[in-house]
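The following paragraphs lead the reader through a structure, from a single chain to the pairing of chains and then to the DNA.

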2 protein chains.
Amino acid sequence: MSISPKMALLEEYALVARALSAPARLSILEQLAQGERGVEALAEKTGLTLANCSQHLQQLRRAALVTSRRDGKSVIYRLTDAKTLELMDRLRIVAERNLAQVERILRGLSGGEEAPEPVSRADLAARLAVGTVTVLDVRPADEYAEGHIPGARNVALPELEQILPTLSPDAEIVAYCRGPYCVYAHQAVAALRKHGLNARRLEGGLPEWREDGRPVLIEGE
Amino acid sequence: MSISPKMALLEEYALVARALSAPARLSILEQLAQGERGVEALAEKTGLTLANCSQHLQQLRRAALVTSRRDGKSVIYRLTDAKTLELMDRLRIVAERNLAQVERILRGLSGGEEAPEPVSRADLAARLAVGTVTVLDVRPADEYAEGHIPGARNVALPELEQILPTLSPDAEIVAYCRGPYCVYAHQAVAALRKHGLNARRLEGGLPEWREDGRPVLIEGE
DNA sequence: CTATCATTCAAGTCATCACTTGACTGATCT
DNA sequence: AGATCAGTCAAGTGATGACTTGAATGATAG
């Protein structure tokens, strides 16, 4: 006797949801959204041990969210499909709408202040075209080097304080980071606004910008 | 010592994903998409025992995907937010794109034949306006009575064979059911096509139709 | 061919989950 | 108040998951 096709389908959908049901794996997926990565790099960025990270990757592979290829001694993982990012974004949206806890955390990130609405990517592109905006890439330098919005200046969060004097109080500042799951841009905007600067977050991050088909500058090109 | 806000956020997102990670709960959510329901009705429709169903509902409530209210002796559950349906649809899309197993099951539902593209809801609305289409609601009668597309004829799957003679071979037939997770429309279309009829599925089901703001007829109105 | 490096596998531990059974609670009906 | 009905809770079981540690694999460098 075979199980019903309906249950079989639900099992498959549940398999994908289960892949997203551990914070560690969401963190890995966020990293992979920046670009393909070896296991060690992923383990370091996510703070997981190597073996643990490898096992999470196996689970992501079982759900077919990631694929791997061999490159010499290394195994390089990448997202199977950009649609996964949309799924993760819906997940965030539903969580933000329904869970009071999420709002509390986000407010905490903004230092208790009300954060301004984020700038849409289309909006930023338009402002970049006429040059009336300062764009800050607040990711770590290695990720910036791998690709960033043309014209963006890289300032990892710890260095933010130091560059404050170089920012004009009149300038319109837009900060971005890895994407909707990343808190760097939230924190950067909160810090900048505390110093009276006119800063806002970009909606989404570099992966979403790239997915829109907008230009991405790679270091050394 | 407090955990980082980032991990706290990821935990919340993972909580929502975990709520979607059991087939039983996906099944419950699909039912709730039809309309609010008591625990017993949900248990019956999903084939879960009462206690088990209740416990799944607690988990859905923890993730804030459903809310409940008391009505006399009964507790009525409903979806907190229609965005949840979008999330579930993305889940399905990602699963269909990445998992070969899903394609295999869907092909099996269609009797091995290649199923035609579904009809979009806008398309069906246009055809209904000019009256050149036969719409079949292939859900159980009680769900049809609770609301259906105006002009749709209710034929639960087991009765489909009997009404075949009443369908013209020239008519264009569109079948719909509960939504993207429901297999009834797939099966109905396969059966109809096997008899040489020109049948296609509607994209999505009644909840999506309603969510579009299109008219829904309730029995006895 | 041996050594090295990147990754995976295997085994074990502790926690959580799905499901069952049977007792419990809270609202209604008589 | 007692009986009844809808739903929840509590405890127990077997399965799965997250994480750790240490051994095994597979490709390259010497």
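**From one chain to the assembly**

In chain A, 41% of the 221 residues are buried; a residue counts as buried if 20 or more other C-beta atoms, placed from the backbone, lie within 10 Å of its own, as exposed if there are 12 or fewer, and as partly exposed in between. The model is a predicted one, in which local features need pLDDT of at least 70 and side-chain atom pairs count only at pLDDT 80 or more, while totals for chains, interfaces and linings use all residues. Residues are numbered from 1 along each chain as its sequence is written, and chains are lettered from A and ligands numbered from 1 in the order in which they are written.

The secondary structure of chain A consists of 11 helices and 7 strands, where helices (H or I, at least four residues) and strands (E, at least two) are DSSP runs numbered from the N terminus. Chain A has a radius of gyration of 19 Å, close to the 17 Å given by the globule rule for 221 residues, so it is as compact as a globular protein of that length. The radius is taken over C-alpha atoms, and the rule is 2.2 Å times the number of residues to the power 0.38. Along the principal axes, the C-alpha atoms of chain A fill a box of roughly 70 × 45 × 30 Å. Of the contacts in chain A with a separation of 6 or more, 65% are between residues 24 or more positions apart; two residues are in contact if their C-beta atoms, placed from the backbone, lie within 7 Å.

Chain B contains an open sheet of 3 strands in the order β1-β3-β2, with antiparallel pairing. Its edge strands are β1 (37-38) and β2 (66-71), each of which pairs on one side only. Strands pair if DSSP finds at least two bridges between them, and 6 bridges join β2(B) to β3(B). Within this sheet, B:R69 stands opposite B:I76 in β3(B).

How do the two chains meet? In the interface, 43 residues of chain B are in contact with 43 residues of chain A. On the side of chain B that touches chain A, α1 (5-19), α2 (23-34), α5 (83-98) and α6 (100-109) each supply at least two residues, and α1(B) gives the most, with 13 residues. By class, this side of chain B has 26 nonpolar, 7 polar and 10 charged residues. Ala, Val, Leu, Ile, Met, Phe, Trp, Tyr, Cys and Pro count as nonpolar, Asp, Glu, Lys and Arg as charged, and the others, Gly among them, as polar.

The DNA remains to be considered. DNA strand C is surrounded by 21 residues, of which A:G38, A:E40, A:A51, A:S54 and B:A22 are the closest; a residue is near a strand if its C-beta atom, placed from the backbone, lies within 6 Å of it. The largest share of this surface, 5 residues, comes from α4(A). Around DNA strand D there are 23 residues, and A:A22, B:G38, B:E40, B:A51 and B:S54 come nearest. Here α4(B) gives the most, with 5 residues.
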